[in-house]
Amino acid sequence: MSTTPPLRALIVVRLSRVTEATTSPERQRQDCLELCEKRGYEVVGVAEDLDVSAGATTPFDRPKLGKWLRARHNEIDVIVIYRMDRLVRRLLDLADIIRWAQEHDVAIVSAKEAFLDLTSPFGDVIAMLVAKVAEMELEAISSRNASAATHNIRAGKWRGGTPPWGYKPEKGKDGVWRLVQDAEQVSVI
């Protein structure tokens, strides 16, 4: 009696911006590990790309995941992600990873999105719809950030970074940081 070996799983963890308060990578990893245990997958690796935007990089260009996709794909049978937006944020990137997965006979499953099953007949269509929503969300985030930055500039608020020569940041009585002239630097100018 032969037994089928367990599917070999690569867990993918991604976060755009890491801060001291960040717990997302640990949660992503834990939920993916739980799914692997539940389904009997053998975890053969974790591709953890932190401080990496899915809007700015394709899965193939990411430092950790890219290496697996380009050179180690023969070591995996399934890619386990926390949610679709941890893998891609752009529709065309999803189309590329779906095509790659089909060519290399690698399944993609989500720990949190039961509808994401690229082995089902309409799995790729559903995934593309979800990716379009993620792409729209990325555009909305970018638009909100740009709008907030414009508002802060018009309100005279300092947004951080290195102040221009002749200025220094100063917290006003209202608690808002603004750039004010630096008397010492102004005297040099």
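This is a predicted model, in which local features need pLDDT of at least 70, side-chain atom pairs count only at pLDDT 80 or more, and totals for chains, interfaces and linings use all residues. Residues are numbered from 1 along each chain as its sequence is written, and side-chain values use heavy atoms, with hydrogens and water left out.

**Cysteines**

- Cysteine 36 is buried, at a relative accessible area of 1%; buried means under 20% relative accessible area, exposed over 50%, and partly exposed in between, with a 1.4 Å probe and protein chains only.
- Cysteine 32 is buried too, with 0% relative accessibility.
- The structure holds zero disulfides, a disulfide being a pair of cysteine sulfur atoms within 2.5 Å.
- For cysteine 32, the nearest cysteine sulfur belongs to cysteine 36 and lies 6.8 Å away.

**Nonpolar cores**

- A nonpolar core is a set of buried Ala, Val, Leu, Ile, Met, Phe, Trp, Tyr and Cys residues joined through side-chain atoms within 4.5 Å.
- The largest one has 21 residues, and Ile79, Ile97 and Trp100 touch the most other members.
- Two or more residues of this core come from each of β1 (8–15), α2 (65–71), β3 (78–81), α3 (84–87) and α4 (91–104); helices (H or I, at least four residues) and strands (E, at least two) are DSSP runs, numbered from the N terminus.
- Helix α4 gives the largest share of this core, five residues.
- A second, separate core has 12 residues, including Ile11, Cys36, Tyr41 and Val109.
- Beyond its neighbours within four places in sequence, tryptophan 100 is in contact (heavy atoms within 4.5 Å) with Phe60, Leu69, His73, Ile76, Ile79 and Val106.

**Salt bridges**

- The whole structure contains nine salt bridges, each a side-chain nitrogen of Lys or Arg within 4 Å of a carboxyl oxygen of Asp or Glu.
- One of them joins glutamate 48 to arginine 29, at 2.3 Å from N to O.
- This pair links distant parts of the chain, with glutamate 48 in strand β2 (residues 42–50) and arginine 29 in helix α1 (residues 24–39), 19 residues apart.
- Glutamate 48 is partly exposed at 26%, and arginine 29 is partly exposed at 24%.
- Aspartate 85 is buried, with 7% relative accessibility, and forms a salt bridge with arginine 83 at 2.4 Å, N to O.
- Aspartate 85 also forms a salt bridge with arginine 89, where the closest N and O atoms are 3.6 Å apart.
- Arginine 83 is partly exposed at 33%, whereas arginine 89 is buried at 9%.
- Arg83, Asp85, Arg86 and Arg89 are linked in a salt-bridge network.
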